[in-house]
Amino acid sequence: MTAVRTPPQGTTPPPRLPVREKSAARERGSGLSPMLTRLAAERATGVLERERGSLYLAEGRVVHAESPLAPGLDVLLLAHGTLTPAGWQDARERADEEYGVARLLLDAGRVPRGALELCHLEAVYDAAYFALTPSSTPGRFRYGAGHWLGPLRPVPVEAVERETLRRRELLHRLWPDPLTDGAPLRRSETVAAPAPTARQSAVLAAVDGVRTAPDIARELGRQAFHTLVDVRRLAAAGLLTALFPPPRPHRPPPPALPFRAGATAERAVGPAAPDPAPPPGITLPRVNDPDITLLKRLRDALEAL
Amino acid sequence: MANTETTLKECLASIEGATGVALVDYTSGMALGTMGGSKTFDLNVAAAGNTDVVRAKMRTMEHLGLKGQIEDILITLNDQYHLIRLISGRGGNGLFMYLVLDAKRANLAMARHQLKKIEEDLEV
């Protein structure tokens, strides 16, 4: 018989189970990167290098951001013919400490100021989204380092943090499974899926079982976050899935270590890791079977209600 | 020849009854620039929310097989007008201008015409 014991009168009740207070974390500042908040407060100049990207600061404001997962400003500018490759190359070669690439492009009249500013702003928020993803290694700040682009339109750190959080929530609302953000994608058969939009069709056409969402973004010359949005919408519509487990990248095998209890915890590199190495000896529950995928979608949708 | 900031300023200064304006990327829902608004009217929230309006309309048009392009979308409240004007950016991104007007002071036809003019000068 199972008896639920109520604490006898006069004794202290057991402590409540710890619950993660999301709202409290949000009030304490964004909580994205305490280091970034501190650097903004001390009006630092330099570059904050994190696991998935870098933020360039000038007097505590974000002047540029880069991430290997987000196409650079050059890709965005060149892909749609806003700028010629020769014009970009020329500015890159002539840029120095005093005259950044941005200023050279504007002075030479190669690109309108409004277009460059907007494109740069989009590139900054795009790269910052990835740079500020939770990471397993601590960030590093190099004081004084500038960027070859030169000053354009600085953005306050709070604005970048607020937008990054909003973007995370947006993705979560569209489709709560982050796996499609980093894994190779493949198309899936579905019944009565809504027709994709023209933008989404272009993404879908690039899905080949090898490319990841950031690869597709670079190929189409679009922002990586925009592609994540399209990919999550397509995943929600059942038109594509992430390949799971992702094929192991070719890298030298790790040195053999005796099995330790903490080994799996050390491997964990955050929820959105592009290639989470599955611990040996554990069968992975995730499958690409359409019926099971449908059931999981149904479950996720019910949980989201 | 105008950049974002001067364009937004011009909207507020030259369009009668304008109380807030934003330039919004409608895939991400991010406001690339805002001007005006108030404590009770957060333009960033309006920007993000109205991307769904634009998306819904575009989707419906695709379903209907309409080939025309949306020029603007008008929403009338009892005391405000909200005007959404679509722009295609050079970066290949869909953008829109979002303009909030005070219904008592604004001339709708005039505002629409002026917003079109300002948008034509905007270099995106």
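Student: Which residue of β5(B) is the bridge partner of A18(B)?

Tutor: In this predicted model, A18(B) has L101(B) as its bridge partner in β5(B).

Student: How many bridges join β1(B) to strand β2 of chain B?

Tutor: There are 6, and β1(B) and β2(B), residues 30-36, also run antiparallel. Within that pairing, G20(B) stands opposite G36(B) of β2(B). The two strands form a hairpin with 4 residues between them, and G29(B) takes a positive phi near 80° in this hairpin.

Student: How many residues of β1(B) are buried?

Tutor: In general, the side chains of a regular strand alternate between the two faces of the sheet. In this case 7 of the 8 residues of β1(B), residues 18-25, are buried, so the strand is largely enclosed by the rest of the structure.

Student: Now take G94(B). Where is its place?

Tutor: G94(B) is in strand β5 of chain B.

Student: Next, a helix. What length does α3 of chain B reach from its first C-alpha to its last?

Tutor: α3(B) covers residues 108-121, which is 14 residues, and reaches 20 Å. That is close to the 20 Å expected at 1.5 Å a residue.

Student: Which residues of α3(B) are buried?

Tutor: The general idea comes before the list. An α-helix has 3.6 residues a turn, so residues three or four places apart point the same way. In α3(B), the buried residues are A111(B), L115(B), I118(B) and E119(B). Seen down the helix axis, the buried residues of α3(B) fall within an arc of 100°, so they line one face of the helix.

Student: What covers the buried residues of α3(B), and which residues are exposed on the other side?

Tutor: The cover includes α1 (4-14), β4 (80-88) and β5 (94-102) of chain B. On the other side of α3(B), the exposed residues are A109(B), M110(B), H113(B), K117(B), E120(B) and D121(B).

Student: How many residues does the contact take from chain A and from chain B?

Tutor: The size of an interface is often given as the accessible area lost when the parts come together. Here we count residues instead: 24 come from chain A and 20 from chain B. On the side of chain A that touches chain B, α3 (73-79), α6 (113-131), α7 (157-174) and α10 (224-236) of chain A each supply at least two residues. The largest share, 9 residues, comes from α6(A). By class, that side of chain A has 11 nonpolar, 6 polar and 7 charged residues.

Student: Into which domains is chain A divided?

Tutor: Chain A has domain 1 (31-165) and domain 2 (178-247 + 285-304). Their C-alpha centres lie 29 Å apart. The contact between them takes 11 residues from domain 1 and 7 residues from domain 2 of chain A.

Notes
Residues are numbered from 1 along each chain as its sequence is written. Chains are lettered from A and ligands numbered from 1 in the order in which they are written. This is a predicted model: local features need pLDDT of at least 70, side-chain atom pairs count only at pLDDT 80 or more; totals for chains, interfaces and linings use all residues. Two residues are in contact if their C-beta atoms, placed from the backbone, lie within 7 Å. Ala, Val, Leu, Ile, Met, Phe, Trp, Tyr, Cys and Pro count as nonpolar, Asp, Glu, Lys and Arg as charged, and the others, Gly among them, as polar. The expected span of a helix is 1.5 Å times one less than its number of residues. A residue is buried if 20 or more other C-beta atoms lie within 10 Å of its own, exposed if 12 or fewer, and partly exposed in between; C-beta atoms are placed from the backbone. The arc is that of the directions from the helix axis to the C-beta atoms. Two strands pair if DSSP finds at least two bridges between them. Domain bounds come from an automatic or database domain assignment.
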